[in-house]
Amino acid sequence: MPSERTDADARWVSMSRSSGLQIHASGPNIDVTQLPPGEGTVLRRGGNLQEEEALFGWHPQWLPGAAATERRDSLGEQPVSQVPLREKVEFVRALQAKLTGRDPRIVQTDVLYREVTEQRRIATDRFDRESRLSRVLLFAVAVVHDGGRTDMNRLVRAGSGGFEVVSGVSDAELDAMVEEAVRVLGAESIEPGSYRVVTHPEVSGVIAHEAFGHGVEMDLFLSGRARAGRYMGTRVGSDLVTIVDDPTVEGGYGSYPFDDDGTPAAPHDIVSGGILTQGLSDAEVASALGASGGNGRRQDYTRKVYPRMSNTFFRPGGVSVEELIRGVDRGVYLRQVSSGMEDPLNWGMQVICHHGEEIRDGALTGRLYRTMPVTGYVPEVLSSVDGVAGDFELTPGTCGKGWKEWVPVTSGGPHLRMTVRLG
Amino acid sequence: MRRAITPPADEWVLLEEEGNAHQLYWRKGSLHAVRDVTSRSARAELYCDQGGQRGAATAHLAGDEHDGQRLSDARLAAELALNPAYRLPQGAADYPAIALGDEALPSRDALESWGSALHRAAAEAGVHLSTLEVFAERQHHQLEASNGRSHAWDAVHYAADVILSCGEGDAAVELRLSPTSRRLQDLLRADRLATAAQAVRDRGGAALPPSGAMPVILPAAELQYLILVLRAHTSAELRYTGALQKQIGDALIDCQGDPLTLRMNPLIPHAVASRPTDGSTVPAAARTLIEGGVLRAFHATPQFAAYLDLPPTGPLGTLEVSAGTSNYDDLTAQGPVLEVVSFSSNMPDPLSGDFAAEIKMGYLHQGGRKIPIAQGSVSGNVFTALGHCRMSRETELVDGYLGPRWIRFQALQVAGG
């Protein structure tokens, strides 16, 4: 039973629960799983020591009223609750069938569909807010084998909204995905060194995420773990570099109407024209540092709220991707990411690229490289950005703080041109 | 909890878990947040037979008036997702008694004392903790299944997120430790703290490593991630779905150095990966998966065991790698040898085995000297690397890995200065 609250307690209650479904077709096998409801109630007491009691279940007796005073729903044009399960299963099967057999070197195809609809209500003495938000994810993988190597490529669609987020995968997209998987079989290791690179939006996004996403989570300012805490207002990149975190992006996989403290979502310019401008905070950190909050997120009710990213991206510029590539004599087009890790203290950056393609004399050569560590000192890397394309793409992902506290996010932006260390 | 409900299926498994946890958060030595958490879950696996095939679906029950609908929905889902037939194991099962942690969950005060002691130990070692987070949970598990099998067990789990730091301002350096254990006394041993503290103190003066192919030593904390590639390549599910091509009896690793033998072992007392059973209802048992580099067995659920005509293997448990015969001095001799203390992150590709990782901290052994190095990267392929390696005689248990405390790989690619 919930413990008794006293009048001296800060009145703050958060309740959340979700319904979700996962359909996974892997080779000839298919599974359907209802996702855990994650139903919980959190009571928070403030003061010098923040105390939370997190209880399994939905306990509305702690709420001030029967209904919230503010309510936001993001369920999309085709809410997942209105699409029959049979249609979703057939969608997965049909997509897998289209993928399988596209190339004789395909040894396995995998299609995963996941939907989660989360209901949250956060009530204090000052507000009572409720939201329902659906996130939908589609992940299609082709595993290829040529008698020697095995590798894979994938196609991802995800966002907040309804079933419309994942429908409409074209044959051309599947062909391109499979063709690239087969090409990667012949990819080589790259000679370590400094390279001029053009980054696909997926790679651009992870650079933004690892460099000045994690680097400005302001709880790290309080613990002395982020160099950015001492360098606000200073130049950290070229004039072309603007990095934004925006939880209000329409349909963003990392979007939300208010954060897990109940603070309304709002965009933040982290780097503006190369100048480090502001960080990301939750309510506790905002109170301590005079920030605005709005980026407090928790994995679920069993975990604490921390300052986290939402949708983090470079703002697009005005040149074409072709123009970026033409400007490289010898370099690499970094195409796809495997993983990334932050280093907020020393402004290091580690991104592992799954594969990329050589650029010679301003053109792609067809020679592929695989498994490339991309490293560098963040201000040097961002100061080397001398080209920002006008395109824009966001890639969904799941972000951890270290190796825990997983939340859905996107990262992205346009193609960029910069200098980094590879290998 | 929900035992009154019999899932509407031809076969079913119900796994219930109840947990109580304390979570404590320190920042710059001060406790700034605490949480007490209760959790509960009830997962019902439904198996429904239709036309000689079997569909499976999972329902998560909440103990409320909607559970009936959840089970009905799951049954419908199972009927839509049909696979070739298989059955749960039949007959009585003898589940092993395995010690799975402290007798009771420590109080919040006891955990606060542990954290305070760790702060003092770090200070004595010449470093400080920028942040410390400690998570302690006790869970009760209850298994019940239509094949008549049932079992209950309790387990305790600890995890910590420890940031060791040294220096101030732009000269500050840090190292992250993320230990797990089932007993508080095992969570962060003094020797591991001492090694990490030394590495942090040395990090300030570290240089880039040289570039080129060279011998590289990895510690147990990093080896566990490379071994996960072998977990994937001994998966019956991946074999059945077509991602793997090797058969039992094929060589996975061409062992030119120390032979590699890998076992799955869910029986190790107090190991975080140990458990008496899982949702398959198969009792825990140790089994050799790879012997001398040769694939000897796949780990398999009842479904994929049936498809591949193999025995189901139950919970995977700890991945045990056989020890070698070398000591630390043997492995660091004949330099230059790069010894990695920690990577920034390490996520080998599970299918190809390729890996690349930035060096957070390490040492270059050369000419009798131990030179601190940092940054730069190490890359290679797990299968090639394990085929040309020497393993330490000393072993270490880290999370789900028990094996050589160090492995020296004959030649990995290092990118540095």
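Which side chains meet in a salt bridge at 3.2 Å, N to O? In this predicted model, they are those of B:Arg189 and B:Glu396. One salt bridge is counted between domain 1 and domain 2 of chain B. Polar contacts across this interface involve eleven residue pairs, with both residues at pLDDT 80 or more. On the domain 1 side, the elements that give two or more residues are strand 4 (82–84), strand 5 (128–145), strand 6 (150–166), strand 7 (173–177), strand 8 (180–181) and helix 3 (190–203) of chain B. Helix 3 of chain B gives the most, with five residues. By class, this side of domain 1 of chain B holds 18 nonpolar, ten polar and ten charged residues.

Chain B is divided into domain 1 (11–199) and domain 2 (205–417). Their C-alpha centres lie 23 Å apart. Domain 1 of chain B brings 38 residues to the contact, and domain 2 of chain B brings 33 residues. The area buried between them is about 2600 Å². Carbon and sulfur atoms give 62% of that area. Within domain 1 of chain B, the residues that lose the most area to domain 2 are B:Tyr86, B:Ile98 and B:Arg182. Together they account for 19% of what that side buries.

In chain A, the assignment gives a domain 1 made of 19–33 + 71–182 and a domain 2 spanning 193–422. The C-alpha centres of these two domains are 24 Å apart. Here 21 residues of domain 1 contact 24 residues of domain 2. About 1800 Å² is buried between the domains of chain A, and carbon and sulfur atoms give 50% of it. A:Arg120, A:Arg135 and A:Glu180 supply 30% of the area that domain 1 of chain A buries against domain 2, more than any other three residues.

Three salt bridges are counted between the domains of chain A. A salt bridge also joins the side chains of A:Glu202 and A:Arg154 (3.0 Å, N to O). The interface of chain A has 14 residue pairs in polar contact, both at pLDDT 80 or more. Strand 6 (106–124), strand 7 (128–145) and strand 8 (150–160) of chain A each give two or more residues to the domain 1 side. Strand 8 of chain A provides the largest share, eight residues. By class, that side has eight nonpolar, four polar and nine charged residues.

B:Asn346 lies in the loop between strand 14 (337–343) and strand 15 (354–366) of chain B. B:Asn346 counts as buried because its relative accessibility is 4%, under the 20% cut-off. Its side chain makes a polar contact with the side chain of B:Glu222 at 3.2 Å. Residues touched by B:Asn346, beyond four places in sequence, are B:Glu222, B:Tyr225, B:Leu226 and B:Ala357.

Definitions and conventions
Residues are numbered from 1 along each chain as its sequence is written. Chains are lettered from A and ligands numbered from 1 in the order in which they are written. This is a predicted model: local features need pLDDT of at least 70, side-chain atom pairs count only at pLDDT 80 or more; totals for chains, interfaces and linings use all residues. Side-chain values use heavy atoms; hydrogens and water are left out. Helices (H or I, at least four residues) and strands (E, at least two) are DSSP runs, numbered from the N terminus. Buried means under 20% relative accessible area, exposed over 50%, partly exposed in between (1.4 Å probe, protein chains only). A polar contact is a pair of N or O atoms within 3.5 Å; within protein, one must be able to donate a hydrogen and the other to accept it, and residues adjacent in sequence count only if both atoms are side-chain atoms. Contact means heavy atoms within 4.5 Å. Domain bounds come from an automatic or database domain assignment. Buried area is the accessible area (1.4 Å probe) that two parts lose on being put together, summed over both. A salt bridge is a side-chain nitrogen of Lys or Arg within 4 Å of a carboxyl oxygen of Asp or Glu. Ala, Val, Leu, Ile, Met, Phe, Trp, Tyr, Cys and Pro count as nonpolar, Asp, Glu, Lys and Arg as charged, and the others, Gly among them, as polar.
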